[in-house]
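Trainee: Please take me through the terms used to describe this model, and set each value against its definition as we go.

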Amino acid sequence: FNGDWLVNRKNELTYKYRQTYLRTKTLHEHIVVFRGHWDVGKNKLIYRLERSFNSFFEFKAEFRSGKLSVLDRTIKFNVGLIFSQKKVRRKLRETVTLYGRWDVKKGMKVMFTIAYSGGRRRRIEFGVEKLISAAGKVKLSLTSTEGEKLGVELDITKSFKNDAELFLALS
């Protein structure tokens, strides 16, 4: 795997590599797109492959910041990669950015909806451990769906004040 791993504009995991054909001595670039969806766990970012029950890529990851904003519409992760090649071990640190929309639903459910190719949409669901409200702001401490603390807070700011008040009343 000497190529580049990327997340494309449709939030899909891709692998780009170059191959030289010896007969013609021409260089060809190939891109493999892995269809699937993202999921988040404690200290990991998971890309689950479409049409497969147990095939996935799992990356050691952490949120780039301890705070997320509803207005930002992204989740950024620092992802660590370690690989070996001919007795040489390398470590890489990359940033993976997922684009989507935040939703806060009654029953303390927080969702990040991501659009993929072909009009597909999938949600990453989060739980809420604690809720702090002050001066037109609401902070939600997020957990995984299994209840693991993720070490990140979601800020809902003044522009969402009425929704935040409604959310507080429902919870």
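Mentor: Let us begin with Phe112, whose bridge partner in S12 is Ile124. This is a predicted model, in which local features need pLDDT of at least 70 and side-chain atom pairs count only at pLDDT 80 or more, while totals for chains, interfaces and linings use all residues. Residues are numbered from 1 along each chain as its sequence is written, and side-chain values use heavy atoms, with hydrogens and water left out.

Trainee: What makes S1 and S3 the edge strands?

Mentor: The open sheet is formed by 3 strands in the order S1-S2-S3, with antiparallel pairing. Strand S1 (4-7) and strand S3 (26-34) each pair on one side only, and these are the edge strands. From one strand to the next the twist averages 25°, where axes are lines fitted to C-alpha atoms and angles run from 0 to 180 degrees between N-to-C directions. S1 pairs with strand S2 (residues 13-21) over 4 bridges, and Trp5 stands opposite Tyr15 in S2.

Trainee: Why is the pair of Phe34 and Phe57 called edge-to-face?

Mentor: The structure holds 10 aromatic pairs, a term for rings of Phe, Tyr and Trp (its six-membered ring) with centres within 6.5 Å, where planes under 30 degrees apart count as stacked, over 60 as edge-to-face and the rest as tilted. For Phe34 and Phe57 the centres are 5.1 Å apart and the planes stand at 75°, so the pair is edge-to-face. Phe34 lies in strand S3 and Phe57 in strand S6 (residues 56-63), so the pair ties together parts that are 23 residues apart in sequence. A cluster linked by ring pairs holds Trp5, Tyr15, Tyr17, Phe34 and Phe57.

Trainee: Why does Phe57 count as partly exposed?

Mentor: Buried means under 20% relative accessible area, exposed over 50%, and partly exposed in between (1.4 Å probe, protein chains only). Phe57 has 23% relative accessibility and therefore counts as partly exposed, and Phe34, at 22%, is likewise partly exposed.

Trainee: What makes the pair of Trp102 and Phe126 tilted?

Mentor: Trp102 and Phe126 lie 5.8 Å apart centre to centre, with 35° between the planes, and the pair is tilted. Trp102 belongs to strand S10 (residues 101-105) and Phe126 to strand S12 (residues 121-134), so the pair ties together parts that are 24 residues apart in sequence. Trp102, at 6% relative accessibility, counts as buried, and Phe126, at 4%, is buried.

Trainee: How do you know that the charged end of Arg48 sits over the ring of Phe56?

Mentor: The term requires NZ of Lys or CZ of Arg within 6 Å of the ring centre and within 35 degrees of the ring normal. The charged end of Arg48 is 5.7 Å from the centre of the Phe56 ring and is classed as sitting over that ring.

Terms used: Two strands pair if DSSP finds at least two bridges between them. Helices (H or I, at least four residues) and strands (E, at least two) are DSSP runs, numbered from the N terminus.
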